[in-house]
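Please look at the sequence and structure below before reading on.

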Amino acid sequence: NVSQLSTDGTNVSEDNNLDKDGYEVRRYSANIQHQLSSRSAFDLTLYQNHGNSEYDGYTITTDYTKETTQQSISGGFSFSPLDIWDIKLQASSSQDENDNYEDSVLTDIFRTERRQLTWQNNLMLSDNALLTIGVDKTAEKIESLATTYTETSRDVIGSFTEFQTNYGRHDILVSLRNDQYNAIGSHTTGNLDWGLNLSKELRITAGYGTAFKAPTFNDLYYPNMPWGVGNPNLRPESSNSFEVGLQSTEKMSKWSLNAFRTQINDLIEWQCTTNCATPSLWDDVYQPFNVSSAQIEGVEASLERRGDRRDMKVALTLLNPRDTDSGNRLQNRASATLRIDLNRSAGKWRHGATILAQGSRFADSANSRELGGYTTVDLNSRYRLNKNWLFKGKIGNLFNKEYLTTDTTYQPSERTIMLYMSYSSSQE
């Protein structure tokens with residue numbers, strides 16, 4: 001696969017660098033799979049992404065650009081020593097490089113590397129019971145030309161097991177994982193999920209799980225630079241969640257209702273620490289901190305109806321994300337989201353509309369800066385000329401709505417119009 005996209009862009013910051021900020025990106029990927037025998041196979045995947053982005057920085061008269069290169073290679077080998085035993089060996093390596101320029105002068109290079117090895121075993125204990133056991137090792141490293149990190153590498157060794165079974169109308173999944181970090185110690189997480197088919201078209205589910213999130217290198221060690229600085233005293237996030245749901249499994253009309261509650265300890269949030277009260281946002285300095293205790297409660301409801309010519313999907317999410325110590329709402333989280341997708345087919349044509357409504361949110365942990373809610377409308381249409389040619393068009397943000405999702409001077413996309421033409425070679 002080969003693809004390229006370029007655009008002159010728009011002025012994403014109205015009060016700084018009054019110019020258009022464009023970007024271009026080129027992507028290449030290749031994949032090969034080969035069945036060596038009835039019991040063995042291998043696969044190889046290559047990927048590269050190279051882009052150039054213009055952006056507005058903290059100095060009004062300076063032109064900022066960033067060149068990024070992402071590339072990865074992964075290979076796998078699978079074989080079956082026994083009829084009930086499948087083994088999968090996987091190795092991957094990925095690199096991410098960012099070259100930063102100011103007025104076409106190279107100022108810094110950030111290069112990250114991630115390598116992973118995985119050994120997974122699948123054992124069919126019976127016709128309806130599967131046991132998975134495996135280990136993996138991950139090595140991460142970061143390098144920089146002008147930025148000095150206190151720590152530049154991290155190793156993680158993980159072990160995991162999962163058991164899936166079903167009997168009668170019941171489905172059960174149990175999983176357990178342990179991760180050994182060379183810098184922050186050992187952490188164990190797990191899940192227990194259960195489902196029951198009440199009838200052919202109605203299903204009830206329940207689940208409990210724990211999670212763990214380690215701070216990134218930037219969270220911990222990012223040096224004191226404009227706009228931000230790391231916090232080496234950060235603790236990892238840990239959480240536990242409980243969810244119950246009811247779903248309809250009809251083919252033409254589906255609906256679901258889910259309620260969940262997540263308790264998070266040591267939630268990592270980037271908060272403004274310096275110059276926060278000044279009118280200009282360009283001199284604000286942010287640093288990550290742990291929110292000692294946070295709780296997110298919510299309800300998700302969806303309805304999907306499909307017909308011969310028309311289909312509709314409606315999804316509603318209601319959230320109550322709170323810092324349980326202060327009672328404030330967690331920053332940058334909307335309490336309500338509604339999405340409606342409508343589509344209609346007529347011969348070779350298919351037309352659609354998407355309506356997205358987001359409630360208000362707070363830009364800071366003190367809940368002193370509120371960002372208003374907003375609604376956007378997108379339109380799309382496509383025409384199938386024949387089995388080979390397809391034409392598509394899309395209008396994003398039809399009414400050119402101005403809104404913010406974070407407290408910055410960067411503006412979201414204005415109205416955009418995209419036209420697509422694709423050709424696919426196919427044989428009948």
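## The second largest pocket

In this predicted model, β1 gives the most to the lining of the second largest pocket, with 6 residues. A pocket is an open set of points on a 1 Å grid over the protein atoms alone, with protein on both sides within 12 Å along at least five of seven lines; lining residues have an atom within 4 Å of a point. The volume of this pocket is about 470 Å³, where a volume is the space filled by probe spheres set on the points, which are joined across faces, edges and corners.

Of the 16 lining residues, T7, G9, T10, Y23 and T416 are the closest to the centre of the pocket. Two or more residues each come from β1 (2-10), β2 (21-37) and β22 (416-423); such strands are DSSP runs (E, at least two residues), numbered from the N terminus. The lining divides into 5 nonpolar, 6 polar and 5 charged residues. Ala, Val, Leu, Ile, Met, Phe, Trp, Tyr, Cys and Pro count as nonpolar, Asp, Glu, Lys and Arg as charged, and the others, Gly among them, as polar.

## The cavity

A cavity is a set of grid points where a 1.4 Å probe fits but cannot get out. The count comes to 1 cavity of 30 Å³ or more, and the largest cavity holds about 40 Å³ of space.

Which residues line the largest cavity? They are R111, T112, E113, K141, I142 and E143. At least two lining residues are supplied by each of β6 (105-126) and β7 (129-144). By class, this lining has 4 charged residues, 1 polar and 1 nonpolar.

## Basis of the values

Residues are numbered from 1 along each chain as its sequence is written, and side-chain values use heavy atoms, with hydrogens and water left out. In this predicted model, local features need pLDDT of at least 70 and side-chain atom pairs count only at pLDDT 80 or more, whereas totals for chains, interfaces and linings use all residues.

Key. Helices (H or I, at least four residues) and strands (E, at least two) are DSSP runs, numbered from the N terminus.
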